[in-house]
Amino acid sequence: MADDATLSIAEVVWVQQMDDKNHIRHAKFDGEQWEQTSTSLYSSDSPLTNPTINTKGNGDRLLIWVE
């Protein structure tokens, strides 16, 4: 995911229920259009809340959520 961050000016993560599971999904905006990641970043049978994406000082990205 790190290379994708340099090409996007905005990102969003959210929880989506599909197939009786909860999935964390991701999309990025390159200034012209949104592109959604084709696969879930994480899936669980348990409830998932508050997914947040952030960048550390060294450029590494973190995805944090509550399960």
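**Start with the hairpin**

Select residues 10–18 and 21–29: these are strands β1 and β2, which run antiparallel and are paired through nine bridges. Keep in mind as you click around that you're looking at a predicted model.

Now zoom in on Val13 and find its bridge partner in β2, His26. Then move to the turn: two residues sit between β1 and β2 in this hairpin, and Asp19 there has a positive phi of about 50°.

**Stay on β2**

Colour residues 21–29 by burial. How many of the nine residues of β2 are buried? Eight of them are, so this strand is mostly covered, with buried meaning under 20% relative accessible area.

Pick Lys28 and look across to β3, where Glu35 stands opposite. Follow the chain through the hairpin of β2 and β3: four residues lie between the strands, and Gly31 has a positive phi near 105°.

Now bring in residues 42–44, strand β4, which is antiparallel to β2 and linked to it by three bridges. Click Ile24 and you'll find its bridge partner in β4, Tyr42.

**Last stop: confidence**

Switch to pLDDT colouring. The protein chain averages 89, with 90% of its residues at 70 or more.

How values were computed: Residues numbered from 1 in each chain as written. Predicted model: local features only at pLDDT ≥ 70, side-chain atom pairs only at ≥ 80, totals over all residues. Heavy atoms only, no water. Buried < 20%, exposed > 50% of the residue type's maximum accessible area, 1.4 Å probe, protein only. Pairing = 2+ DSSP bridges. pLDDT = per-residue confidence, 0-100.
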